[in-house]
Amino acid sequence: MTMMHEDAAAIWTAGIRAVEPERLVAARLSLDADGGRLLRDGRPFDPPLELAGIERIVVVGGGKAAAGLAAGIERLLGPAVLARHRATGLVSVPEGCGRALARIEVRETRPAAANLPTPAVVQATHEMLDLVRSLGPR
């Protein structure tokens, strides 16, 4: 492999790594020192997002990055917070993007090369809407 090919491969690898969904969640979101407040870029949300005031956490989404983003949220919050706040969720992803998570269901709902809704995508979307509708003010 020539030096130019090695450089190109290193640039490609760095670019892909820079946009990995789990990495992006970890780079942007964190918990404060007490673990009771969600921070974005090291600063509280406006208004602050106090976990003590949250009864339930629901994560929904779709697309190739959805499983990685959901995994990043699970990793950020950790098992105790996820259990305390009865975290659940559903993300719809293309085939080949599925993975097992502790609290959030990752469902493969369409072929990888087809970016069109399938009956499984429509069903998952209805289920996500039901999850969101089931939420209360906390």
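Two strands pair if DSSP finds at least two bridges between them. Strands (E, at least two residues) and helices (H or I, at least four) are DSSP runs, numbered from the N terminus. Leu90 stands opposite Glu105 in E6.

The model is predicted: local features need pLDDT of at least 70, side-chain atom pairs count only at pLDDT 80 or more, and totals for chains, interfaces and linings use all residues. Residues are numbered from 1 along each chain as its sequence is written, and side-chain values use heavy atoms, without hydrogens and water.

Three strands form an open sheet in the order E4-E5-E6, with parallel pairing. Strands E4 (58–62) and E6 (104–110) are at the edges with a single partner strand each, so one side of each has no neighbour in the sheet. From one strand to the next, the twist averages 20 degrees. Six bridges join strand E5 (residues 88–94) to E6 in the parallel sense.

Helix H3 packs on this sheet and touches E4, E5 and E6, its direction making about 150 degrees with that of E5. Helix H4 (residues 119–133) also touches E4, E5 and E6, at about 160 degrees to the direction of E5. Contact means heavy atoms within 4.5 Å. Axes are lines fitted to C-alpha atoms, for helices over the stretch in contact, and angles run from 0 to 180 degrees between N-to-C directions.

H3 (residues 66–84) also meets helix H2 (residues 21–28): their axes come within 7 Å and cross at roughly 40 degrees. H2 is therefore oblique to H3 (under 35 degrees is roughly parallel, over 145 roughly antiparallel, 65 to 115 roughly perpendicular, the rest oblique). Pro21, Glu22 and Val25 of H2 make the contact with H3 residues including Gly68, Leu69 and Arg75.
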